[in-house]
Amino acid sequence: MNKLLSPLQVGALNLPNRMLMAPLTRTRADAGHMPNALMAEYYAQRASAGLIVTECTMVLPDTSAFGADPGIYSQAQMEAWKQTTAAVHAKGGRIFMQIWHAGRAAHPGLNNGAETVSSSALAVEGETHTPEGKKPNVLPRELRVDEIPAIVQAYADAAKRAREAGFDGVEVHGANGYLIDQFLRDGANKRQDAYGGSMENRARFLFEVLDAVCAAIGPDRVGLRLSPLNSYNSMIDSDPLGWTAYLAEQLGRFQLAYLHLMRADFFGVQKADVMTVAREKYQGVLIGNMGYSAEEAEQAIAEGKLDAVAFGTGFLANPDLPERVKRGAPWNKPDQATFYTPGAKGYTDYPTL
Ligand SMILES: Cc1cc2nc3c(=O)[nH]c(=O)nc-3n(C[C@H](O)[C@H](O)[C@H](O)COP(=O)(O)O)c2cc1C
């Protein structure tokens, strides 16, 4: 595993290995979307990752999709995150915060009745969990153009707060059917103004967010996550390969720390080789994710297909994943039943070697 365990310069950071911890929502935050000591312990346990990317973190109040997801929209949250960054840094680690607006995946039942917004008035199919049990996803209101600058600014403010809290940088969450993705993919974006229609228009919101976040904290501390194929949250695009090619090419101008690409669909519906297209068109550091074993990751890096791999469930269940890879040791199996349950069980109690 010479390649996977070798260092890599990622923007302003020198990673000691190429195994990132993928962002994982674990719904262990306290009331008021406050990060806590248990979360600090969990992340610190995983400090041997080349780079930890946190769970998606709310840039604005009343945009929760999961209930106990953390925020970074208040001074109090910023202060409370310091225990996580200090604990990770004390163990020699590096950590980015994934900054996020859920858009239409937020539910009023989780958000003090707040209205749900999106690029267009189209709902996510099916139901979602709320404190009153499962409820149908609501029909969002289409954002007016004059509302967009304040949301863009919220991402930049969140990035600034994340840096103040000690994070090494941020990953802009452009994946998995949340607000940015709701603009990007044509199955969710039916707008007929400057933010809809052509690929260029659908990318406008993302590019405004990236410009603002990069201006706020410097592009060498900003990553971006995209999921061209994922149908989670009722997402689809008519041309995932063209979409990937366009974005990968355009993203070069931002000089980001990295592009983090999910190569597949949670549900296996949409299929295409997006990694190859991204590699051809994108000049910067390319990170792959979804279903990689250490062996496949090693080979993909050796063949120059990508620069690093993010492991989700691997790190979830194995706090010492790089050490296991180094020693060729077996991996603990993730327990799905405790992915989103409160407390330490299935969170901070996975054994190290
Ligand atoms: C419990 C759980 C929570 C997740 N939460 C997030 C999240 O907050 N943000 C995100 O971009 N992806 C999230 N994902 C997707 C993972 O980052 C990753 O893409 C997925 O686990 C596939 O990678 P793997 O095969 O290495 O596990 C989540 C996945 C799981 C299993």
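This is a predicted model: local features need pLDDT of at least 70, side-chain atom pairs count only at pLDDT 80 or more; totals for chains, interfaces and linings use all residues.
How many helices and strands does the protein chain have? I looked this up first, and the protein chain has 11 helices and 14 strands, where helices (H or I, at least four residues) and strands (E, at least two) are DSSP runs numbered from the N terminus.

Residues are numbered from 1 along each chain as its sequence is written.

**Overall build.** I found that the C-alpha atoms fill a box of roughly 55 × 45 × 35 Å along the principal axes.

**Ligand.** I counted 20 residues around the ligand, with Ala22, Pro23, Thr25, Gly312 and Thr313 coming nearest; a residue is near if its C-beta atom, placed from the backbone, lies within 6 Å. Strand 4 (51-58) and helix 10 (313-317) each give at least two residues to this shell.

**Asp186.** I traced Asp186 to the loop between helix 4 (179-184) and helix 5 (199-202). Asp186 is partly exposed because it has 16 C-beta neighbours inside 10 Å. Leaving out residues up to four places away in sequence, I saw that Asp186 touches Arg202, Asp237 and Ser238, contact being C-beta atoms, placed from the backbone, within 7 Å. Asp239 lies 53 residues from Asp186 in sequence, yet 8.8 Å away in space, C-alpha to C-alpha.

How values were computed
A residue is buried if 20 or more other C-beta atoms lie within 10 Å of its own, exposed if 12 or fewer, and partly exposed in between; C-beta atoms are placed from the backbone. Two residues are in contact if their C-beta atoms, placed from the backbone, lie within 7 Å.
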